[in-house]
Amino acid sequence: MASREAAKPSVVLFGYDSSPFTQKARLALKLKQIPYTFVIVPSMMPRPLLRESFNLTYRKIPVLVIGREIYIDTSLILEALEHYFPSSQGYGSLYPDATASSYRPLIRGFASYWTDRPLFRVTTGLIPSTVWRTHFGTDRANLIGHTLNADKLEHKIPENLGALDLQLSLLEPLFQTPGTKQWVFEGDKPSAADVALWYQLDWGERISRGDGIANLTGGGTADGAGEGVASVFDPARYPGVFAWFERAKRYFAELPSTETRVESGGDAKGVDRVIERIRDTAPLALDDEEVPLLPTPAGPHGSLDARNGLVKGVEVTVAPDDTGRDSPTAGMLVALTPEEIVIVPQRIDDGPRVGQVRVHFPRVGFVVRPVSRVRL
């Protein structure tokens, strides 16, 4: 184990406890048994640690750093972990057997186009209204692009419970297959599909009761005061989903922890050690070094990318296609594949503190445009 880890760059996850997508990344790291450092950052902007260390102005969480390569969004983070920490080197797998591996495209779509989007919209609709009356509500209104009315959101909770009932009804047949099926996509171990579904239902169940809203709002409100989801997420109503949920809960809880936790707000020395470790990674020779990219069935489509103004060296902006569109990340494009966008972020002040970095975005859920076209 020691020699294996010595050959690998450090892995650092930036996030906060009540972030559902941070929990998704932590589950994946634990399932794969990858040692990593979890650095706690605020639930709201600004996040000076990310800005000063990496010139990173992207406002969503989590952010994963492998060496000096920065990965954005869990749809890409999980694939990067699977690629750079393969089971052939002794790590766990997010696609643990031939069956799960053959389902890999469906598992990725299951997460990106179901649990991470429509199911997440349902679970966020169950957050107690006290959350939206805090500064966090103002922050998220800025992210979404419109004002959030706490009273209206409170009145919509029964409607959102009905939407959760629909989601559970759609999911229940997955766990009613005759035989000994234990997990979402067959196999004898959980896959990325189980991670994707479990983190969302677990977070939704807890946050709907108000568990974690003090952390979510930065102390703006106390935990509690939520209705919960027991009226629909019930073992008698959905026995298959409920039994799977409890089975996955036990499985994840019994895995050894691989996490070292650092509180950025209260452990300045610990944060400095993390940043120094990243800074001490071998410098990137950006002019000559091949950019590390995840494998894709087909390579870059240079002629099509060029028609869109996306050529190496051009200044671009990258932004989510849902919330946060008004806060794009700017930088120089250094690589592009059908699934991945890589930029060197725009320099801020004297940064980045760790030296030159590259930021990797997925193309799923993101839009990349040349700055010249953005200004038109």
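Ala, Val, Leu, Ile, Met, Phe, Trp, Tyr, Cys and Pro are counted here as nonpolar, Asp, Glu, Lys and Arg as charged, and the others, Gly among them, as polar. The structure is a predicted model, in which local features need pLDDT of at least 70 and side-chain atom pairs count only at pLDDT 80 or more, whereas totals for chains, interfaces and linings use all residues. Residues are numbered from 1 along each chain as its sequence is written, and side-chain values use heavy atoms, with hydrogens and water left out.

One cavity of 30 Å³ or more was found (a set of points on a 1 Å grid over the protein atoms alone where a 1.4 Å probe fits but cannot get out; lining residues have an atom within 4 Å of a point). The lining comprises five nonpolar, three polar and one charged residue, including L164, Q200 and E205. Helix 10 (residues 192–208) supplies the largest share, four residues; helices are DSSP runs of H or I with at least four residues, numbered from the N terminus.

The structure holds 20 aromatic pairs (Phe, Tyr or six-membered Trp rings with centres within 6.5 Å; planes under 30 degrees apart are stacked, over 60 edge-to-face and the rest tilted). F21 and F120 pair edge-to-face, at 4.9 Å centre to centre and 70 degrees between the planes. Because F21 lies in helix 2 (residues 20–32) and F120 in helix 6 (residues 104–124), this pair ties together parts 99 residues apart in sequence. F21 also forms a tilted pair with Y199, at 5.7 Å and 55 degrees.

Notes: 1 Å grid on protein atoms, 1.4 Å probe; cavity = no way out; pocket = protein on both sides within 12 Å on 5 of 7 lines; lining within 4 Å. Points joined across faces, edges and corners; volume = space filled by probe spheres on them. Helix = DSSP H or I, 4+ residues; strand = E, 2+ residues; numbered from the N terminus.
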